[in-house]
Amino acid sequence: MADSVTNLEELKKLAPPAELRRAPVVEGNPSLGALTDKLSEFAEGKTPRWWWILFLPAAFAATVIFPTCLFYQVFTGVGVWGNNHPVMWGLDIVNFIWWVGVAHAGTLISALLFLTRQHWRTTIGRMAEAMTVFSVMMAGLYPAIHVGRAWFDWFMFPVPNSNGLWPQFKSPLMWDVFAVNTYLMVSTLFWYMGLIPDLALMRDRSKTRVRKFLYGLFALGWTGSARHWHNYEKAYVILCGLCTLLVFTVSSIVGLDFCTAQLAGWHATIFPLYFVIGAVFCGFGMVLVILIPLRKWCGLEKIITMSHMDKIAKLTLVSGLIIAYIYLMEFFIAWYSGDPYEKWVFGHRLFGHTYWVLGWMLIGINVCVTQLLWFKKIRSNLAALFVIGLLINVGMWCERFVIVVGSLYQDFLPANWGKYMPTIWDIGLYIGTLGAFFMLYLLFVKFLPMIAIAEVKGVTPHGDPHHPLGGAQKGDRQ
Amino acid sequence: MSEKLYGLMAEFNSPGEVLHAAEKVRAAGYRRWDVFTPFPIHGIDKVMGYKNSLVGLFSLAMAAGAFLSVVVLIWFTNAFDYPLIVGGKPMFSVPMTFVPAYIMLIMGGAIGALVGMFALNQLPRLHHPLLNKARFALATRDKFFIVIGAEDKKFSVTETRQLLEAIGGAHVDIVEDKD
């Protein structure tokens with residue numbers, strides 16, 4: 001032990017000056033045991049009041065409003081929504097894209113940042129993945145009921161049926177079926193695999209028989225053997241790589257749904273990229289909205305540090321800048337193409353009837369408000385970040401509305417023009433999905449380790465065998 | 001209820017200690033032993049002498065299988081069983097199958113990685129002799145364990161215990177396998 005202390009002194013002498021040092025992943029340099037206690041505290045402790053205050057309305061929306069709107073729509077028909085000729089894609093598709101978008105940042109944070117060895121991702125990865133899993137569930141629901149006769153959904157899968165018909169695989173709408181289902185499946189597997197070691201920890205810590213049994217069941221007999229970790233890490237890297245591919249694939253395919261149509265405003269090659277970046281941007285907004293209150297209420301300020309929030313804000317800014325560039329390109333190409341229909345649609349996004357408000361909100365929030373993140377003062381102000389995150393979600397929702405409805409309501413023939421207004425059932429279903437999402441999220445926070453405990457321990461100095469605090473001896477390579 | 005000797009376990013306090021101890025166990029010539037840690041330790045693979053994990057092969061096989069089966073499925077459904085003309089395009093061409101096949105490649109690869117991990121680790125298992133030990137509950141928290149199996153040719157309760165104590169292991173204890 002004496003060796004390791006002198007080692008620590010030497011290491012301090014070699015360390016770079018304070019301003020060049022990286023912020024530690026976890027503040028306060030806790031020991032492994034203290035860190036474990038801290039991180040599993042919330043899932044084991046007494047349910048706080050704020051949890052109930054959030055959970056009850058969310059559960060009401062999820063179990064009363066949601067099924068009511070769903071059953072009324074399924075039993076009556078798509079007509080209960082505001083969708084009607086010529087706007088056949090309304091809030092259902094707007095919300096579908098919005099939910100897929102929310103999912104994307106989760107995968108980006110946990111998978112892409114893992115591949116680029118960003119240690120800070122360990123503290124927020126699990127929460128971001130949970131966000132992905134639950135929002136893909138909500139997203140997948142919309143197209144499934146939008147088809148009108150939801151009981152025929154199985155026609156979309158290549159299952160032999162009495163009509164002798166098969167799906168038409170040349171359509172991007174068909175690709176969507178595969179993409180969204182794969183996304184749900186893969187992100188759930190990824191999330192669950194990450195949970196296994198932490199479920200084993202919860203099993204070993206649990207005091208009651210029921211908890212021990214349930215955590216033990218889902219931990220699948222994990223012991224933490226080096227051989228197991230060896231295979232586990234390999235599988236984890238592979239899953240990260242595949243999830244990163246999914247980030248770029250799923251929203252691209254959603255973008256293809258639009259750009260293969262001939263409609264002015266949709267028929268643009270930029271769409272796949274546009275949707276991917278839009279999705280990531282929107283998802284970062286949601287990450288800010290979820291993380292900021294949770295880190296405060298669950299007492300995780302030293303784990304999800306201000307340095308992490310700063311990094312998320314910077315990533316939000318980067319994706320926001322790409323979005324601003326794409327908006328600019330869209331308008332430029334509409335003008336440069338010389339196509340009167342394109343010009344008409346884009347002119348009417350900002351100076352048209354009815355929906356011009358949303359057009360300006362999209363510019364005002366996604367382009368202008370995002371620029372506030374250039375300032376360190378804003379990035380270190382949690383209230384400001386929370387509001388910006390919330391606004392980004394609203395702004396991206398407006399963007400999807402403008403894209404979907406804005407192109408459909410005034411197409412090539414003036415005789416064919418119409419209006420679209422969401423009905424109470426549209427709005428009710430959206431509230432219902434929001435409720436279901438937050439209900440699932442709160443249950444996750446309460447019953448599962450919301451931070452990847454094993455991963456966080458592995459990136460602290462105490463968990464590093466080549467650091468004096470991790471027990472490295474004199475002469476070890478550090 | 002027969003009780004069989006499973007092995008000897010020793011406890012260490014830090015990843016650095018267990019890494020050095022593992023080097024010594026390997027140097028002593030033991031073959032059937034393992035290290036149990038709350039998180040993966042950098043460098044332990046080398047000490048334990050693990051080669052590249054085979055999980056990648058499972059993933060590759062499943063991914064390739066999924067990709068090819070979707071190509072065949074699309075040919076069968078849209079060109080063979082019920083030929084379908086869409087937009088005057090050929091009934092079947094390889095590029096048109098790419099997107100669904102690629103998506104299913106990702107699905108196959110992911111399932112393959114998970115299945116491979118479970119298969120190679122022989123999980124899920126409902127019980128493990130080590131889980132009977134009260135102190136072993138700390139293996140997911142902040143302690144690091146080396147377990148030398150009784151099946152090892154060099155294993156002897158006294159000598160192995162001496163080795164584990166010499167390399168700094170605390171709470172050296174016998175693990176029994178209860179049937």
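A residue counts as buried if 20 or more other C-beta atoms lie within 10 Å of its own, exposed if 12 or fewer and partly exposed in between, with C-beta atoms placed from the backbone. By this criterion Ser187(A) is buried, because 29 other C-beta atoms lie within 10 Å. The model is predicted: local features need pLDDT of at least 70, side-chain atom pairs count only at pLDDT 80 or more, and totals for chains, interfaces and linings use all residues. Residues are numbered from 1 along each chain as its sequence is written, while chains are lettered from A and ligands numbered from 1 in the order in which they are written.

**Chain A overall**
- Chain A has 16 helices and zero strands, where helices (H or I, at least four residues) and strands (E, at least two) are DSSP runs numbered from the N terminus.
- Buried residues account for 50% of its 478 residues.

**Surroundings of Ser187(A)**
- Helix α6 (residues 172-205) contains Ser187(A).
- Contact (C-beta atoms, placed from the backbone, within 7 Å) links Ser187(A) to residues including Thr107(A), Glu129(A) and Cys243(A).
- His104(A) is 83 residues from Ser187(A) in sequence, and their C-alpha atoms are 10 Å apart.

**Backbone features**
- Most residues other than glycine have a negative phi, and most peptide bonds are trans.
- The His85(A) to Pro86(A) peptide bond is cis, with omega near 5°; Pro86(A) belongs to the loop between α3 (49-76) and α4 (91-115) of chain A.
- Arg117(A), not a glycine, has a positive phi of about 55°, and is exposed, with 8 other C-beta atoms within 10 Å.

Terms used: Contact = placed C-beta atoms within 7 Å. Lists of a residue's contacts leave out its neighbours within four places in sequence.
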